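Welcome, and thanks for taking a look at this one. Please open the model beside the text and follow along topic by topic.

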Amino acid sequence: MDAKPHLQVKNLSVSYGTTAALKNISVDIPDKKITAIIGPSGCGKSTLLRAFNRLLEDGDEVSISGQVLVDNEDIYDPRNDITQIRKKMGLLSQKPYPLPMSIFENVAYGPRIHGIKKNRMDETVRHYLTIAGLWEEVKDRLHEPATRLSIGQQQRLCLARGLAVEPEIILADEPTSALDPKSSQKIEAEFKVLKNDYTIIIVTHILRQARRLADYVLFIYLGELIEHGPARQIFENPQHEMTKEYIQGIIS
Amino acid sequence: MKKKMTAKKIEEAVFKALMKGCALVVFGCLVLIIGTVIIKGIGSMNLDMITKTPEGGYYLGKEGGVLNAIVGSFVLTLSATAIALLMSLPVVLYINVYAKKNSRLATLIRLSLDFLWGIPSIVYGAFGFTVMIFFGITASLLGGIITVSLFILPIMARAMDEVISLVPGELFEASYSLGATKFETALKVITRQTMPGIVSAALIAFGRGVGDAASVLFTAGFSDRIPLSLLQPAATLPLAIFFQLGTPFPEVQERAYASALILTILILIVSVTARFLTARFRRHIIQ
């Protein structure tokens with residue numbers, strides 16, 4: 001029925017002071033797929049991801065133009081409620097940042113803010129910890145501080161915490177860069193399952209990770225969206241010279 | 001070449017020794033001060049000192065104790081700390097959570113706090129006294145509480161600011177991206193993360209307030225009795241020490257040191273209790 005994707009970007013430009021970080025980006029992000037944003041460091045990948053969540057505006061001297069449409073609503077329209085927009089998107093950062101509270105409270109934080117009933121909380125917490133693949137490891141120590149978990153477990157806790165507000169989209173900013181290979185593998189495996197229910201956007205500078213995970217790829221270079229398309233096309237038959245060179249490792 | 005090396009080594013050794021020496025002087029001062037207070041005060045220390053009000057003469061009786069000043073100091077400073085906390089927490093949360101980084105208002109507030117910090121306590125005392133005259137209040141517990149809370153507010157707020165401004169931006173973002181408002185983030189995440197720092201700030205402020213004589217000299221006054229209402233004058237330990245030390249009688253002077261010992265122990269008790277109470281929060285802190 002709804003042919004339009006959850007997330008559409010139209011003519012988005014972002015600049016920090018006088019430096020342009022993103023130049024006139026337009027793209028539709030496919031639903032219930034993993035979309036990887038690839039490109040060299042400092043080219044605007046994270047900026048694009050954070051623009052989806054309106055996290056950019058808290059910095060100084062940021063100017064944003066263009067539109068980001070979530071379910072056809074422009075998130076930069078000042079009439080829209082920012083907390084409702086952010087609720088639709090879960091965020092995973094490079095290094096996991098659990099909240100300064102217990103494992104249980106970390107997952108319960110979002111639902112509690114959005115008014116889930118107290119008597120359903122145990123069930124809710126259990127449900128999302130299970131989805132994030134952490135339940136078996138923490139079920140006996142739910143009330144311990146989140147800081148006692150290993151960093152890989154913390155990242156899965158952050159995933160559970162994000163999922164608990166029932167988002168449609170998961171934004172992940174190099175979510176495995178601080179993790180050991182085993183934990184990274186677990187996160188990647190999670191993503192492959194989660195894409196059945198969620199639209200996932202992952203920023204990565206690891207090309208092999210993008211190859212393993214992505215269904216759709218955006219290649220960004222110096223703030224410009226050079227090329228985007230299905231993963232197979234980008235990796236096997238890139239149209240643009242620059243994409244070719246990046247995929248082959250000539251530029252990085 | 002070899003000569004140069006030894007010269008460098010000697011230089012290194014000399015400066016290391018100097019720094020270590022200075023560091024030890026700090027510790028030595030602590031030992032000396034506490035030692036002096038204990039040695040000179042222990043003779044007059046008895047149960048009466050902490051359970052009775054002064055007897056046998058106005059202010060400086062040689063009998064009885066300083067219960068009036070203990071109660072006065074405790075009630076006055078605790079109230080002042082509570083008021084300062086209620087004032088400084090919103091200020092600090094505002095400049096760190098709501099105001100944009102390096103916004104003009106935040107800079108102005110930080111600058112004001114720094115200036116206020118630098119104003120000597122006697123000036124706060126004089127200011128408080130003027131305000132009290134304006135409102136027709138005489139030297140009283142209330143006057144003391146208001147003046148001391150003004151005096152310790154910048155100390156507390158700036159100490160909290162130091163801690164809260166160190167909270168990583170990602171922690172704010174983690175909360176925002178779950179759909180939390182700034183207020184929810186400030187209340188549920190930031191205050192929890194910085195609880196030990198907030199308590200330390202309150203303790204530093206309490207310590208400064210409880211030990212200050214100049215700010216309460218005109219505003220709280222002094223009394224041999226324990227105040228029964230906010231509008232009665234209240235004795236404080238620093239002033240008790242001040243008056244007792246100023247007498248020509250050796251036995252009263254000795255009581256000044258006993259009072260100093262009580263003041264030191266009081267600060268110690270408050271500090272340990274507060275740290276004990278916040279230990280629970282410490283383990284949750286995100287590094």
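In chain B, helix α3 (residues 67-98) packs against helix α8 (residues 182-193) at an angle of about 115°, and their axes are 11 Å apart. Please keep in mind that this is a predicted model.

**The α3–α8 pair in chain B**

- The crossing in which α3(B) passes α8(B) is right-handed.
- On the α3(B) side, the residues that take part are B:L93, B:V97 and B:Y98.
- They meet B:K182, B:T185, B:A186 and B:I190, which belong to α8(B).
- By residue class, this contact of α3(B) with α8(B) has five nonpolar residues, one polar and one charged.

**Chain B as a whole**

- If you trace chain B, you will find twelve helices and two strands.
- Starting from the N terminus, the order of its elements is α-α-β-β-α-α-α-α-α-α-α-α-α-α.
- The C-alpha trace of chain B spans about 65 × 65 × 35 Å along its principal axes.
- Chain B has 287 residues, and 38% of them count as buried.
- Take the contacts in chain B between residues at least 6 apart in sequence: 74% of these join residues at least 24 apart.

**Where chain B touches chain A**

- The contact between the chains involves 23 residues of chain B and 24 residues of chain A.
- On the side of chain B that touches chain A, α7 (169-176) and α8 of chain B each supply at least two residues.
- The element that gives the most to this side of chain B is α7(B), with six residues.
- The residues on this side of chain B divide into nine nonpolar, seven polar and seven charged.

**A residue to look at in chain A: A:S102**

- You can find A:S102 in the loop that runs between β6 (89-92) and α3 (103-113) of chain A.
- Is A:S102 buried or exposed? A:S102 counts as buried because it has 20 C-beta neighbours inside 10 Å.
- Setting aside neighbours within four places in sequence, the contacts of A:S102 are A:L142, A:H143, A:E144, A:P145 and A:A146.
- For one of these contacts, A:A146, the C-alpha to C-alpha separation from A:S102 is 5.1 Å in space, although the two are 44 residues apart in sequence.

Conventions:
Residues are numbered from 1 along each chain as its sequence is written. Chains are lettered from A and ligands numbered from 1 in the order in which they are written. This is a predicted model: local features need pLDDT of at least 70, side-chain atom pairs count only at pLDDT 80 or more; totals for chains, interfaces and linings use all residues. Axes are lines fitted to C-alpha atoms, for helices over the stretch in contact, and angles run from 0 to 180 degrees between N-to-C directions. Helices (H or I, at least four residues) and strands (E, at least two) are DSSP runs, numbered from the N terminus. A crossing is left-handed if the near helix is turned anticlockwise from the far one by less than a right angle, and right-handed if clockwise. Two residues are in contact if their C-beta atoms, placed from the backbone, lie within 7 Å. Ala, Val, Leu, Ile, Met, Phe, Trp, Tyr, Cys and Pro count as nonpolar, Asp, Glu, Lys and Arg as charged, and the others, Gly among them, as polar. A residue is buried if 20 or more other C-beta atoms lie within 10 Å of its own, exposed if 12 or fewer, and partly exposed in between; C-beta atoms are placed from the backbone.
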